[in-house]
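Work through the exercises below with the structure open beside you, and try each task before reading its solution.

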Amino acid sequence: MARDPAQPAGKAGKLLLLGASLIVCFALGEGVMRAVHRAWPFTPAAATPDGLGPEEASLRWRFSAEEGRNRLGLRDGEIGPPRPGTPRILFLGDSLFWSSETSSGALYTETLEAPLGADIVNAGVPGYTLYQQLEFLRIHGLAMQPDLVLLGFVVNDVYDPYLHRPSSRGLLDLDPDYRLHWFDGGRWPARLLARSHLAHAVARTVRLAAGKLTGEPLYPFQRRGDFYLAWEEHAWPPVRRRLTAMRDLLAERGVPLAVAAFPIAHQLDPALRARDEAFVLRPQRRLAAICADLGLPLLDLEPVLAAAGGPDQFTDGLHLTPAGNDRVAAALEEFLRPLLPAATAAKSMNEEEPSPP
């Protein structure tokens, strides 16, 4: 029997039609997901806070000089030149420094000044990631002439570059792109799907379903969109790059960098730790390895808070109660005290070095 010459062409046409149909369906699904998540092109324009200058565009926001905040919107007094003979410590971080009220009602950045004999600048800005903290250091922090910089680090700082965006309601909303981290966007073929909200929704659903089928459901922090990334390996190369850039920027001025790592309440939950403590504490191990490689002193506050009462020291799973902040203050005093003499000596030596011809 003679072959029908039109048969191969017919199969090719069907394959083309199937491929085109899949592409159309994917595009429609992607559009629906973007509309639901208010992602591009459905994202409302981000609000521009009052007083944010063009040179601060990379920060995306900072608070206004109102309600007792200084001209940079920080919970601190106005920052003048350093006082002779008094070392200055710049606390660079997010809401863990901003919301650091102790049982006395004062922030621990205030209560630590007297015992350390130091001037402490509280540059904690709610919602800032490590990227924004580095940008703040470049734009404002260096001009404050610190003798030592303490970086506060918590698991939601790993989102690069942003986790939040300012809204017209005067609030910080989660940026729609915070969802786009289930895939390692630096590798193929994941790079093809890295900007797809539909692909990420499918990946997350499959992961949740797989956990239920295998009897190994995801941990609570893995189900939280603002926490899960810290347990993914592809989150940490950007952390290393930002910390390296911060260290090198400060080293040019003879200013050392130290890091304080804050846990979240889930990491102090006895039931979760009994299930797999090494996995629960994976972000601390990854950060410790990076700090060791970069020569950065690290204060891990997880053991401090775990020994003092665990999850009960948190108000919302992330921020600490006044009693929790009391314990953090005591640990910070012990950690910072031996760093100050070396910091002031290093800065003095740097200032005495003659300028190159």
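A charge sits over a ring if NZ of Lys or CZ of Arg is within 6 Å of the ring centre and within 35 degrees of the ring normal. The model used here is predicted.

**Exercise 1.** Find the ring over which the charged end of Arg75 sits.

Solution. The charged end of Arg75 sits over the ring of Trp98, at 5.7 Å from its centre. In a further case, the charged end of Arg224 sits over the ring of Phe227, 4.0 Å from its centre.

**Exercise 2.** Decide whether the rings of Tyr159 and Tyr228 are stacked or edge-to-face.

Solution. Begin with the cut-offs: planes under 30 degrees apart count as stacked, and those over 60 as edge-to-face. The ring centres of Tyr159 and Tyr228 are 6.4 Å apart and their planes stand at 80°, so the pair is edge-to-face. Next, locate the partners: Tyr159 belongs to the loop between β3 and β4, whereas Tyr228 belongs to the loop between α8 and α9, 69 residues apart, and the pair thus links distant parts of the chain. Both tyrosines, Tyr159 and Tyr228, are buried. By contrast, the planes of Tyr219 and Phe221 are at 15° with the ring centres 5.2 Å apart, so this pair is stacked.

**Exercise 3.** Check the span of helix α9, and find where its buried residues lie.

Solution. At 1.5 Å a residue, the 16 residues of α9 should span 22 Å, which agrees with the 22 Å between its end C-alpha atoms. The buried residues of α9 include Trp236, Leu243 and Leu250. Seen down the axis of α9, its buried residues fall within an arc of 155°, so they line one face of the helix. Among the elements that cover them are β1, α5 and α11.

Note on methods: Residues are numbered from 1 along each chain as its sequence is written. This is a predicted model: local features need pLDDT of at least 70, side-chain atom pairs count only at pLDDT 80 or more; totals for chains, interfaces and linings use all residues. Side-chain values use heavy atoms; hydrogens and water are left out. Helices (H or I, at least four residues) and strands (E, at least two) are DSSP runs, numbered from the N terminus. The expected span of a helix is 1.5 Å times one less than its number of residues. Buried means under 20% relative accessible area, exposed over 50%, partly exposed in between (1.4 Å probe, protein chains only). The arc is that of the directions from the helix axis to the C-beta atoms. Contact means heavy atoms within 4.5 Å. Rings of Phe, Tyr and Trp (its six-membered ring) pair if their centres lie within 6.5 Å; planes under 30 degrees apart count as stacked, over 60 as edge-to-face and the rest as tilted.
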